[in-house]
Amino acid sequence: MLPESAVTSSPHAPPLRAGLVVGALGVVFGDIGTSPIYTLQTLFNPRDPHPVPISIPNVYGVVSLVFWSVMIIVSLTYVSLVMHADNDGEGGVMALITLVRRIGGRSHPKVIAALSTLGILGAALFFGDSMITPAISVLSAVEGLKVVDPHLAELVVPITAVIITGLFLVQRHGTGAVGRFFGPVMIVWFVIIGICGVRGIVQHPQILRALSPAYALEFMAGHFHIAFFALAAVVLSVTGAEALYADMGHFGRAAITWAWLGLVLPSLVLNYFGQGALLLGDQSVVDAPFFLLVPEWGQMPMVVLSTAATVIASQAVITGAYSVASQAAQIGYLPRLRIAHTSESSIGQIYVPWINGMLWVGVLILVFAFRSSAALGYAYGMAVTGTITITTLLFLYVARTKWRWPIWVVVLGGGALLTVDLMFLAANLTKLLHGAWLPLLIGIAAFTVMTTWQRGREVVTEVRDEMEGSLRKFVRDIKDRRTVLPRVPGTAIFLNRGGTTTPLSMKANVDHNHVLHEHVIIVSMDTVPVPRVPGAARISVVDHLGYRDDGIFFVEASYGYMERPDVPAALRFVDPIDTEGRIDLENASYFLSKADLVAGPQRTMAPWRKRLFIAVSHMTGDAAGYFGLPLDRTVIIGARVEV
């Protein structure tokens with residue numbers, strides 16, 4: 001295991017700089033920043049299965065409810081509280097899972113297991129969010145064409161499909177070149193929607209009364225049968241809150257906080273109140289209050305700007321899905337996926353072909369199936385509220401265990417936050433038959449795949465442990481056979497799952513070829529619960545396996561869950577004194593063990609889970625490329641493993 005000193009010495013959060021604030025505006029706030037396009041429109045949509053009747057008291061109540069939902073969930077829960085629960089500067093539900101495991105240790109194994117399972121469910125729901133966000137965001141922007149010219153309504157879905165297809169096609173080229181323009185575009189976006197909001201407020205300034213929580217409370221208490229169902233659409237105003245936390249490692253808590261308080265929050269509030277003011281003056285604009293806030297001459301430019309902003313919002317959530325999948329693979333909940341790094345300077349810019357293809361197909365299906373942002377709005381909140389609730393639960397465990405918050409603070413304060421979250425979640429459950437089943441189905445499917453893969457890995461590990469046998473015994477047998485087992489010149493490096501069992505490739509090489517290299521290194525890669533491990537702490541174990549003169553060594557290399565393993569680079573940190581200077585990395589041969597999985601008669605898993613596990617195993621990327629091995633010096637030896 002990695003020493004505690006290395007665990008606690010990871011990089012600090014980036015210092016606050018203007019460039020980071022601009023970058024955060026471009027990447028972090030795209031999703032929540034485009035919510036005004038469709039939130040109030042969905043709330044008052046007469047085609048909603050539980051519509052909010054359009055009336056002046058209801059406008060005040062809804063606008064107040066949106067405002068205080070943003071303040072409680074985003075400003076209080078995420079910005080003020082959750083973002084302090086970082087795992088060495090990194091945020092997001094996967095980072096929170098590893099933090100919970102790290103601070104919980106072995107003191108509460110059942111609690112840790114339950115919280116980890118909840119966290120994985122939250123990560124799975126994020127994949128549903130990753131499909132719905134591009135669909136609803138781009139659809140809502142392109143629907144502005146109907147305001148400009150109603151005859152263009154038939155073009156909305158085809159144009160949306162073309163834009164989304166182009167977005168997914170360019171993913172393989174990376175977003176570095178485009179990313180520099182994201183921040184300035186979003187600054188223009190927030191400034192303009194804020195100005196449009198002011199335009200509406202000036203016409204009907206009485207809407208500012210909705211700043212008082214009394215209107216939200218009166219709406220909830222006096223019209224609970226309406227307000228409760230309305231929460232399923234109110235949650236659209238906080239979609240993207242998870243991005244503030246998930247992208248904290250890239251920009252730092254300070255940059256995200258300043259961007260939120262300095263520009264994003266004021267612009268969103270002004271726009272929501274501007275739309276409310278517009279509805280006070282003319283309730284007939286309920287179908288598109290966002291676009292009708294804009295003067296007629298500016299509606300087409302606003303459609304173009306909205307489309308650009310929603311593409312940016314979609315890009316952020318697509319990149320987030322890549323990161324979640326990569327981290328899940330690192331901690332054992334997904335197979336080793338093929339990952340392409342699209343930037344030489346930024347390790348965070350990655351492209352995962354499997355995830356990209358899956359999202360592309362899923363988003364297009366949503367666009368053609370629902371055909372409007374209002375219809376998708378019924379489905380959107382389910383994934384968001386589920387993730388927010390799970391994040392709050394994990395945070396409260398961290399607050400109690402790591403920070404030693406008094407139990408009464410956790411119960412009362414945490415209970416109040418969870419009550420809000422659970423109200424939103426319960427309201428979205430009422431939309432199950434109207435589309436909310438979709439993100440739930442996607443989340444359950446992803447959760448099933450992830451937990452099946454984790455269970456399947458445990459089964460395979462048990463079978464392989466039995467097949468491989470003790471490493472120390474194998475080395476002792478080699479020592480005893482030294483006179484009859486030829487040792488050819490050179491260095492052989494065998495990758496293994498740990499230091500207790502014999503690599504299958506090494507065992508097969510000795511049993512079938514009756515030969516072994518003069519110098520042998522057995523390498524195990526250990527993923528530790530921190531984002532990154534400093535290079536100096538990369539090699540945590542060098543073991544001679546009981547004999548210093550037989551040229552066989554065991555090396556353990558540690559990596560954080562945000563890192564990509566690179567075996568040759570890691571071995572350069574091995575002290576030559578430990579191996580008596582006998583490592584020749586420039587000419588070494590690398591040996592990999594490949595398991596050919598087949599369903600066996602053992603009752604290790606249900607038959608359908610066995611088939612699912614074997615099917616998912618075909619997603620596994622090239623091991624040599626994943627571990628950074630030179631292809632011309634890598635040998636792969638297979639073995640059949642029954643699960």
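Helices in this account are DSSP runs of H or I with at least four residues, numbered from the N terminus. The model is predicted. In these terms, Ile407 belongs to helix H20, which covers residues 407–429. Together with Trp408, Val411 and Leu412, Ile407 makes a nonpolar surface patch of about 470 Å².

The discussion now turns to the sheet. Six strands form an open sheet in the order S5-S6-S4-S3-S7-S8, and their pairing is mixed. Strands S5 (539–543) and S8 (634–642) stand at the edges with a single partner strand each, so one side of each has no neighbour in the sheet. On average, neighbouring strands are turned by 25° against each other, direction ignored.

Strand S6 (residues 552–560) is largely enclosed by the rest of the structure, because nine of its nine residues are buried. In a regular strand, side chains alternate between the two faces of the sheet. Accordingly, Ile552, Phe554, Glu556, Ser558 and Gly560 point one way from S6, whereas Phe553, Val555, Ala557 and Tyr559 point the other way, and all are buried.

Asp596 stands opposite Arg640 in S8. Helix H21 (residues 437–468) packs on the sheet, touching strand S3 (487–496), S7 and S8, and its direction makes about 110° with that of S8.

Helix H21 also contains charged pairs. Side chains of opposite charge can pair when their charged atoms come close. Glu458 and Arg455, three residues apart in H21 and thus about one turn of the helix, meet in a salt bridge at 3.2 Å, N to O. Glu458 is partly exposed at 36% relative accessible area, and Arg455 is partly exposed at 27%. Arg464 and Glu468, four residues apart in H21, likewise form a salt bridge, with the closest N and O atoms 3.2 Å apart. Here Arg464 is buried, with a relative accessible area of 10%, and Glu468 is buried at 2%.

In helix H22 (residues 471–480), Asp477 and Lys473 are four residues apart, about one helical turn, and their salt bridge has its closest N and O atoms 3.4 Å apart. Asp477 is partly exposed at 29%, as is Lys473 at 43%. Salt bridges that share partners join Arg464, Asp465, Glu468 and Arg497 into one network.

Note on methods:
Residues are numbered from 1 along each chain as its sequence is written. This is a predicted model: local features need pLDDT of at least 70, side-chain atom pairs count only at pLDDT 80 or more; totals for chains, interfaces and linings use all residues. Side-chain values use heavy atoms; hydrogens and water are left out. Patches are made of residues with over 30% relative accessible area and no salt bridge: like charges are joined within 9 Å, nonpolar side chains (Val, Leu, Ile, Met, Phe, Trp, Tyr) within 5 Å. Accessible areas come from the Shrake-Rupley method with a 1.4 Å probe; for residues, only the protein chains shown count as cover. A salt bridge is a side-chain nitrogen of Lys or Arg within 4 Å of a carboxyl oxygen of Asp or Glu. Helices (H or I, at least four residues) and strands (E, at least two) are DSSP runs, numbered from the N terminus. Two strands pair if DSSP finds at least two bridges between them. Axes are lines fitted to C-alpha atoms, for helices over the stretch in contact, and angles run from 0 to 180 degrees between N-to-C directions. Contact means heavy atoms within 4.5 Å. Buried means under 20% relative accessible area, exposed over 50%, partly exposed in between (1.4 Å probe, protein chains only).
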